[in-house]
Amino acid sequence: MPHDEHFLQRLDRVASDHLDIALGLYRDHELVRFLLGNVTLPDGAERVAIALSDGGQGPHLIVTRDGHFVTCLGAGMRTGPHPLVTRAQLDAVAGKHERVRTGLELARKRGGDASRLFHRVCKPGASREDYLAAHATVGPAAGMLGSTYVVWAKALDTMLAAYSGSGIAASVRRSGEEGLVRGAWAMMGSATLLIDAASRDWVEEWSKQDGLDRLCPWGLLTWLSAVPFVLRAAWIAARLGKPMLASYKKRFARPSNTIEGREAGWGLLAMGLRHEGLRAEIGRTLRSRKPAPEEEPWVEAAVGPFAELSRILDEKDEQLRAEGMKLGRDLLIVRTAHLPEGSPHRFTEASQVPDDLALPGVVNVWVDGHNDERAMDVMLVSLACIARARAEDFYYPAALQHAMIGFPSSAELGASLIEMRRKLCGVSRPVVKGEWCGRNEPCPCGSGKKYKKCHGR
């Protein structure tokens, strides 16, 4: 008897409250194949049990590894040797599948060219639809985005150093400021898309590379200083999850500079918020760190506050999230104030702004994440909002984004990035005769290290 026919005869074992789910899966073979391709199955397993409810008692569907339906098992019936796909896994993969299906449809409407869609996401003003379409078309090629990230990271480092000095013509400076913002968004967009589209197997393999316990590539976002980039680095840590936990813990315990310590601290907090199973271990890591005897004062200044931040998040997670969403609503009211009355995209009261429009505001608050007196508060409430979010939640819908075009300008944001870098690293200046920095004195660049261990190498 063909598998499918036997399956349909055994539907009488499934109670009415689960029958719709069973039939829905039976009719959506594409989803079932997507499900089986996105869960880890042991080698040699020819059939798989799919749970229709939580708790492990069933009912279950039995399908072949290639997606053919075999039979139904009622509540209480044993699944035998077949590997199990839990209801939680089913829901998570189904949501991911719908996201990909929506993205592919958007990609078709927007031209379907993966390269063009990717470049849209890597520009200021990218929309939610742009992101979903790019995510759906990148797929297995996501790993190639790493080279794009690295190229832009090197270019930005050079540009920031050049434009932080003096004596540059106004026209040249303005062009450079706009280029900085384009580069910063390209670096941030490629990093976000890379990690969001990468498979779990890719993450597991990548996490085993040598050197990740000493240098985190996503820390380059944190060096840009503005909160949107610092938050993205923390979100990436949360999205990567457990495979990267050990490297973040090592760099938090012994950071090589102030920014690395902060990046590791924010990343650990985000991991704990997103993954409940890691929260206790991360809390202990942040709260029990003991300074080494030879440790310099800047280390404790960089990572010390995270013990208290961890306690605050544990006690006031929901309150902080509410404060962050209010911040996002207030920002959207400001950004749409220039629109004419009656515009569907103009908001005048916080109660008018739904959560899905407040969240992009939260992640794009333009504050210096290292030197502004508001930085710690903004980062904390924003992190409580975005740690569990999907990447597309960082973008406004296309219609709203287009209505807000031009506020603020790229040149303004670029000038702001340069000023933040000046505060972070100091302004490079020519050597004056008689001026000398001792090898054991603090390095003039502001890193917190002794000169002999920094620019005096």
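Pro59 sits in the loop that runs between strand S1 (47–51) and strand S2 (60–64). A cis peptide bond links Gly58 to Pro59, with omega at about 5°. Helices and strands here are DSSP runs numbered from the N terminus, with at least four residues (H or I) for a helix and at least two (E) for a strand.

Before going on, a word on what you're looking at. This is a predicted model, where local features need pLDDT of at least 70 and side-chain atom pairs count only at pLDDT 80 or more, while totals for chains, interfaces and linings use all residues. Residues are numbered from 1 along each chain as its sequence is written, and side-chain values use heavy atoms, with hydrogens and water left out.

**The overall picture**

The protein has 20 helices and four strands. Of its 457 residues, 51% count as buried; buried means under 20% relative accessible area, exposed means over 50%, and partly exposed is in between, using a 1.4 Å probe and protein chains only. Take the contacts (heavy atoms within 4.5 Å) with a separation of 6 or more: residues 24 or more positions apart account for 70% of them.

**Back to the strands**

Thr64 belongs to strand S2. Thr64 and Glu46 are 18 residues apart in sequence, and their C-alpha atoms are 5.9 Å apart in space. Then there's Thr79, in the loop between strand S3 (69–73) and strand S4 (84–85). Leaving aside neighbours within four places in sequence, Thr79 is in contact with Ala49, His60 and Leu73.

**Around helix H10**

Thr222 is in helix H10. Not counting residues up to four places away in sequence, Thr222 touches Val230, Ala233, Ile259, Glu263 and His370. Ser225 is in the loop between helix H10 (219–222) and helix H11 (227–240). Ser225 has a positive phi of about 80°, although it is not a glycine.

Here's how these residues score for burial:

| Residue | Relative accessible area | Class |
|---|---|---|
| Thr64 | 9% | buried |
| Thr79 | 19% | buried |
| Thr222 | 0% | buried |
| Ser225 | 0% | buried |

**The cores**

A nonpolar core is a set of buried Ala, Val, Leu, Ile, Met, Phe, Trp, Tyr and Cys residues joined through side-chain atoms within 4.5 Å. The largest one has 101 residues, and those touching the most other members are Trp218, Leu221, Phe229, Tyr248, Trp266, Leu383 and Ile386. A second, separate core has 24 residues, including Ala22, Leu41, Phe69 and Leu90. As for Leu383, if you set aside its neighbours within four places in sequence, its contacts are Leu231, Ala234, Trp266, Leu269, Ala270 and Leu273.

**A pair of helices**

Two packed helices are described by the angle between their axes and the distance between the axes. Axes are lines fitted to C-alpha atoms, for helices over the stretch in contact, and angles run from 0 to 180 degrees between N-to-C directions. For helix H13 (residues 258–274) and helix H14 (residues 276–288), the axes come within 6 Å and cross at roughly 150°. H13 and H14 are therefore roughly antiparallel to each other; angles over 145 degrees count as roughly antiparallel, under 35 as roughly parallel, 65 to 115 as roughly perpendicular and the rest as oblique.

Which residues in H13 and H14 meet? From H13 come Leu268, Leu269, Met271, Gly272, Leu273 and Arg274, and from H14 come Glu276, Arg279, Ile282, Thr285 and Leu286. By class, this contact has six nonpolar, two polar and three charged residues. Ala, Val, Leu, Ile, Met, Phe, Trp, Tyr, Cys and Pro count as nonpolar, Asp, Glu, Lys and Arg as charged, and the others, Gly among them, as polar.
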